[in-house]
Amino acid sequence: MAENSELARQTRHYRAVRERLARPSEAMGRSARIKELEGQLVDLASDNEAKGRRIARLEADLADAGARLLAQARILLGSRDTGASNEAGRDRAPIEEIVAAVLEDFPGVSWDDIISVRRERRLVKPRHACMRAVYERRRDLSLAGIGRIFHRDHTTVLAVVNDGGAGSRTASRDDTFG
């Protein structure tokens, strides 16, 4: 009996295989559907990448706007004297301008490279220079705020600022470890 059931199972299996082979039109339709889905996948991936860049720009703008609001609130509350507020107001360059000025010295390095998670040796020095320039020019931003702009932890910014461009071999935690 067990032998008959095995034979019956094999017969059903081979019959199903023959039916699939005899109807190649269904396979062709499936292949076309797969190609269509792959095309949609490529479109979604490029859309996702574009949205990621836009989100990064919006995060930087948000951090910049937040810092400006805090600075204006301090001025309105009178926590700064008049001379300091005039000096601080003059030096409120947008983050994009500060970073663009620093990146002129590093050809081939873009903003996307600076905020990326890559830890290539060629990116560490320009990334640190950008962080240091933003810290020096925008005293209204906290270390955590600068860290958010550059997609780093505030301790990374602190290490960069404390290094002071001495060019030491010690790098911040985010640039050396995963």
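Tutor: Let's start with accessibility: buried means under 20% relative accessible area, exposed over 50%, and partly exposed in between, using a 1.4 Å probe and protein chains only. By that scale E120 is partly exposed, with a relative accessible area of 32%. This is a predicted model, in which local features need pLDDT of at least 70 and side-chain atom pairs count only at pLDDT 80 or more, while totals for chains, interfaces and linings use all residues. Residues are numbered from 1 along each chain as its sequence is written, and side-chain values use heavy atoms, leaving out hydrogens and water.

Student: Which residue forms a salt bridge with E120?

Tutor: Side chains of opposite charge can pair when their charged atoms come close. The rule here asks for a side-chain nitrogen of Lys or Arg within 4 Å of a carboxyl oxygen of Asp or Glu. E120 pairs with R122, with 2.9 Å between the closest N and O atoms. R122 is partly exposed, at a relative accessible area of 43%. Elsewhere, salt bridges that share partners join D64, R68, R138 and D140 into one network.

Student: How many salt bridges does this rule give?

Tutor: The count comes to nine.

Student: How far apart in helix α2 are R53 and E49?

Tutor: An α-helix has 3.6 residues a turn, so residues three or four places apart point the same way. Helices here are DSSP runs of H or I with at least four residues, numbered from the N terminus. R53 and E49 are four residues apart in helix α2, about one helical turn, and their salt bridge has its closest N and O atoms 3.0 Å apart. R53 is partly exposed at 36% relative accessibility, whereas E49 is exposed at 52%.

Student: Where do the buried residues of α4 fall, seen down its axis?

Tutor: In helix α4 (residues 95–103), the buried residues are I95, I98, V99, V102 and L103. They fall within an arc of 130°, so they line one face of the helix; the arc is that of the directions from the helix axis to the C-beta atoms.

Student: What kind of aromatic pair do W111 and F150 form?

Tutor: A pair of aromatic rings is described by the distance of the centres and the angle of the planes. Rings of Phe, Tyr and Trp (its six-membered ring) pair if their centres lie within 6.5 Å; planes under 30 degrees apart count as stacked, over 60 as edge-to-face and the rest as tilted. The search of the whole structure finds one pair. W111 and F150 are tilted, at 5.5 Å centre to centre and 55° between the planes. W111 lies in helix α5 and F150 in the loop between α7 and α8, so the pair ties together parts that are 39 residues apart in sequence.

Technical notes:
Helix = DSSP H or I, 4+ residues; strand = E, 2+ residues; numbered from the N terminus.
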